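Me: I've got a model open and a few things to ask about it. Can we start with the ligand?

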Amino acid sequence: MRKSLIFLLPLFVWTTLTAQNSYQNPVIPGYHPDPSVCRVGDDYYLVNSSFEYFPGVPLFHSKDLVNWKQIGHCLTRESQIPLQDIPASMGIFAPTIRYHEGTFYMITTNVTKGGNFYVYTNDPYGEWSEPIYVRQGGIDPSLYFEDGKCYLVSNPENQIMLSEIDITTGELLTEPRSIWGGTGGRYPEGPHLYKKDNWYYLLISEGGTEYGHKVTIARSRSIYGPYESNPANPILTHIDANAQTNPIQGTGHADFIQAHDGSWWVVFLAFRPQSGTHHLLGRETFLAPVEWKEGEWPVINGGEPIQLEMQAKTLPLQPFQTPESRTWFNDKERNVEWNYLRNPHLSNYHWPENGALRLKATPVQLDDLASPTFIGRRQQHINFQATTAIRLKKGKEQDEAGLTVYMRDHYHYDILIKQVENGKQTLNLRYHIGNLIHTEKEIPVQAEQLYVRVTGENDWYRFSYSEDGITYQEIGKMDTRLLSTETAGGFTGIMLGLYATSASPDSQAEAEIEWFDYQPAR
Ligand code: 6LW
């Protein structure tokens with residue numbers, strides 16, 4: 001028996017390290033917009049924007065561009081990422097990651113506080129530097145290094161502007177100059193510069209981050225221009241008839257990468273509409289092959305629309321272990337996917353060595369532009385089921401703790417335990433859609449611990465609960481469309497959150513939560 005296993009081992013290594021002729025999009029599902037990627041040898045690192053969530057700028061690692069594992073965040077300290085009182089979908093916009101002579105740089109915009117800044121590190125698994133702010137305005141800054149010089153591009157005044165900066169201080173060495181305005185689409189943004197075959201290529205996005213999003217490109221022999229537009233622009237869009245029924249829409253905001261085998265690829269964002277033309281998971285990270293012949297313009301996916309099941313030869317695949325469906329909150333290592341809202345008050349969270357996570361209830365509500373006691377992880381699949389077990393302890397009347405399907409401050413569905421009169425508790429189902437707040441159910445409950453569950457489908461979120469963790473009872477379902485980006489606005493996607501709030505500042509109430517299960521549905 002043992003012998004035969006050893007015999008099989010080389011076969012296993014061979015199959016996992018072999019290139020395949022297809023892969024699945026999105027490569028990073030759930031709210032992961034504005035991807036940017038860099039390579040060091042055969043290691044790839046990718047970042048996304050993060051808006052009002054903390055820590056900021058999720059950071060992923062891959063060996064093959066298809067399989068990605070989150071290894072942390074670039075912005076982990078309040079000094080790097082002030083988010084106090086910011087509106088939803090403000091804060092941290094699109095980042096760029098670049099590697100140059102042993103150092104990783106991540107440049108982004110805090111649109112609410114401070115503007116464009118970068119941080120750097122030698123170890124992407126470790127901490128990043130304090131922010132260095134740059135004087136050039138606009139959003140979507142990107143860096144390009146050449147011959148000991150560092151160039152910055154961003155989009156002040158709807159123009160792509162270029163300056164040279166001192167990368168050690170952030171000081172502008174030249175005044176920003178307009179180098180391209182795009183092809184006439186709204187919001188020219190997301191610029192990145194590359195050099196290939198003695199051409200400078202300027203990749204940008206236009207059309208706005210909705211259905212009309214597109215990627216265009218221009219090139220010049222000189223970094224300062226003049227840039228000529230590719231006659232084949234846009235080089236990526238799903239606005240046309242050939243992608244009208246495609247389950248992927250809004251393709252844009254892209255970054256090229258040349259892989260260690262010489263092949264070219266592009267990462268970009270797009271969204272997957274559900275229940276008609278609504279999307280809830282936010283903008284996700286996709287991957288497509290690029291053909292880029294010497295001296296010619298790059299062609300993305302042969303000029304064809306992007307598919308969920310991509311037919312393309314991959315790099316040798318090196319998948320990571322599938323993450324376990326259950327988060328045990330006493331295991332910090334696995335908690336990288338959990339986020340706070342704005343800068344958290346850490347004394348309200350007790351992450352245990354053993355036992356349950358404790359969330360202290362405070363008067364800051366989910367609707368406030370402040371930091372409620374909240375942790376959330378992304379909904380990553382249209383069909384999924386999430387379950388948790390919550391105890392509300394030491395509650396005074398009107399204190400509550402629950403599970404929220406959270407799009408933004410005024411758009412969330414909550415299943416919660418509420419403290420009512422005479423030391424009793426109820427299980428409530430509440431909808432919050434803009435100015436409309438409605439408690440759909442209020443059920444007296446006895447058990448000290450309640451199991452609550454949300455099941456997501458194309459058109460519905462279904463809510464159920466259990467007193468014993470075995471038999472669940474559905475207590476309501478709510479239309480997905482009313483929480484979608486098309487209804488709620490903004491740039492983020494659904495977070496599944498655990499929270500505790502109180503009615504009075506002197507409340508001692510806290511929620512105890514040992515685990516949280518998230519499973520894609522088959
Ligand atoms: C981002 C801009 C955009 O900075 O939306 O899709 C903004 N593109 O490039 C927020 O994600």
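Reply: One term to begin with: a polar contact is a pair of N or O atoms within 3.5 Å. By that cut-off E189 makes one here, because an N or O atom in the E189 side chain is 3.0 Å from a nitrogen atom of the ligand. Keep in mind that this is a predicted model.

Me: OK, and how far is the R283 side chain from an oxygen atom of the ligand?

Reply: An N or O atom of the R283 side chain sits 2.7 Å from a ligand oxygen. For D140, a polar side-chain atom is 2.4 Å from an oxygen of the ligand. The protein buries 98% of the 290 Å² that the ligand exposes when taken alone.

Me: Switching topic: is S464 buried or exposed?

Reply: Buried, because its relative accessible area is 9% and the cut-off is under 20%. S464 is in strand β36, residues 460–466.

Me: And what does S464 touch?

Reply: Leaving out residues up to four places away in sequence, its contacts include I415, Y451, R453 and Y472.

Me: Last one. What's the strand order in the open sheet of four strands?

Reply: β7-β8-β9-β10, paired antiparallel. The edges are β7 (96–100) and β10 (132–133), each pairing on one side only. Two bridges join β9 (residues 115–121) to β10, and Y118 has I132 in β10 as its bridge partner.

Notes: Residues are numbered from 1 along each chain as its sequence is written. This is a predicted model: local features need pLDDT of at least 70, side-chain atom pairs count only at pLDDT 80 or more; totals for chains, interfaces and linings use all residues. Side-chain values use heavy atoms; hydrogens and water are left out. A polar contact is a pair of N or O atoms within 3.5 Å; within protein, one must be able to donate a hydrogen and the other to accept it, and residues adjacent in sequence count only if both atoms are side-chain atoms. Accessible areas come from the Shrake-Rupley method with a 1.4 Å probe; for residues, only the protein chains shown count as cover. Buried means under 20% relative accessible area, exposed over 50%, partly exposed in between (1.4 Å probe, protein chains only). Contact means heavy atoms within 4.5 Å. Two strands pair if DSSP finds at least two bridges between them.
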